[in-house]
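Here is a short report on one protein chain.

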Amino acid sequence: MEESLVFQWSTIRSLLAILQWWGFNVTVIIMNKWIFQKLDFKFPLSVSCVHFICSAIGGYTVIKVLKLKPLITVDPEDRWRRIFPMSFVFCINIVLGNVSLRYIPVSFMQTIKSFTPATTVVLQWLVWRKQFEWRIWASLVPIVGGILLTSVTELSFNMFGFCAALFGCLATSTKTILAESLLHGYKFDSINTVYYMAPFATMILAVPAMLLEGNGVLEWLSTHPYPWSALIIIFSSGVMAFCLNFSIFYVIHSTTAVTFNVAGNLKVAVAVLVSWLIFQNPISASNAFGCAVTLVGCTFYGYVRQILSQQPPPVPGTPRTPRTPRTPRSKMELLPLVNDKLDDKL
């Protein structure tokens, strides 16, 4: 009886963790798109900078003030030698995500971001000469096919937004790969990641945002009928972006690796559905089918990685079959150092 109650509570806890993760993620996506489309605040660098500032303040509050998470100590030298380069790639990734959201629908942007597993594998193979099992390559086929079908049939296609989202995938893959070497020895969770990288990202982006968008922001403030209420929405999206990081930390510790993978892909489907209900962007049947194929492919890719991670090590003296680099052995390893879902939305 007691074991049954424990199991039921564990199931409820996992479900609640997933639902609040979905809620924060979808809310941040919708708020960002609302800012660009409905508030006519067409300044993705400024929005990204606001989110970095809110995340930096939130990370400091959680770790230093409320002490809800222990601080992972990083040597001062490593902060510049390791954390700063990662923060630079992190910054580029977030900006590209917001730029793409400025020009293309949420459904199309989210589908393209699902291309990240393929770009990661290809980059590791081309640049780092990593070898992969054939099952990994096979699992990428539906992802690539779904992306191609979605792109060809997208009714609101914009080349600039498409390229921004695609290069955002490359930035995400580069960040994840660089994390292996640059952050080797540091086991960051999502909160410590934000604590260290958000201040650097703010410092990197602040000057370009002021130079490229400063005059436009001032003009928007002077012409918008309700600037203060709009600013509240913009800064609220930054607060929600930080809450998304905290929700990821919670869901990681409340679910299994397989559940996390499946829930992550279902979350994309929820985001696409909710954004369509709110913004009513046209979606053809073939476009929706392409999106579904991509999400199924991502789920299959995660399943293949999970299966490979459970293979026993080779017997000494026998030829070693090349394994997928950095195959996830636990649910923590399924989350990149700067998680992809954070990458999409900050």
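pLDDT is the predictor's confidence in each residue, on a scale from 0 to 100. It applies here because this is a predicted model. The chain averages a pLDDT of 84. Of its residues, 88% reach 70 or more.

Residues 320-346 have pLDDT below 50. In the model, this stretch still has 98 contacts beyond near neighbours in sequence. Where pLDDT is low, the predicted coordinates should not be read in detail.

The largest nonpolar core holds 39 residues. Phe41, Ile112, Ile136, Trp220 and Ile234 touch the most other members. Helix α1 (residues 2-37) is the top contributor to this core, with five residues. A separate second core has 33 residues, including Val95, Leu182, Tyr195 and Met197.

Next, the surface. Val122, Trp125, Leu126, Val127, Trp128 and Trp137 form a nonpolar patch of about 550 Å². Helix α5 (residues 116-126) supplies the largest share, three residues. Yet α5 is mostly covered, with eight of its 11 residues buried. Those buried are Thr116, Pro117, Ala118, Thr119, Thr120, Val121, Leu123 and Gln124.

The buried class ends under 20%, and the exposed class starts over 50%.

Note on methods: Residues are numbered from 1 along each chain as its sequence is written. This is a predicted model: local features need pLDDT of at least 70, side-chain atom pairs count only at pLDDT 80 or more; totals for chains, interfaces and linings use all residues. Side-chain values use heavy atoms; hydrogens and water are left out. Patches are made of residues with over 30% relative accessible area and no salt bridge: like charges are joined within 9 Å, nonpolar side chains (Val, Leu, Ile, Met, Phe, Trp, Tyr) within 5 Å. Accessible areas come from the Shrake-Rupley method with a 1.4 Å probe; for residues, only the protein chains shown count as cover. A salt bridge is a side-chain nitrogen of Lys or Arg within 4 Å of a carboxyl oxygen of Asp or Glu. Helices (H or I, at least four residues) and strands (E, at least two) are DSSP runs, numbered from the N terminus. Buried means under 20% relative accessible area, exposed over 50%, partly exposed in between (1.4 Å probe, protein chains only). Contact means heavy atoms within 4.5 Å. A nonpolar core is a set of buried Ala, Val, Leu, Ile, Met, Phe, Trp, Tyr and Cys residues joined through side-chain atoms within 4.5 Å.
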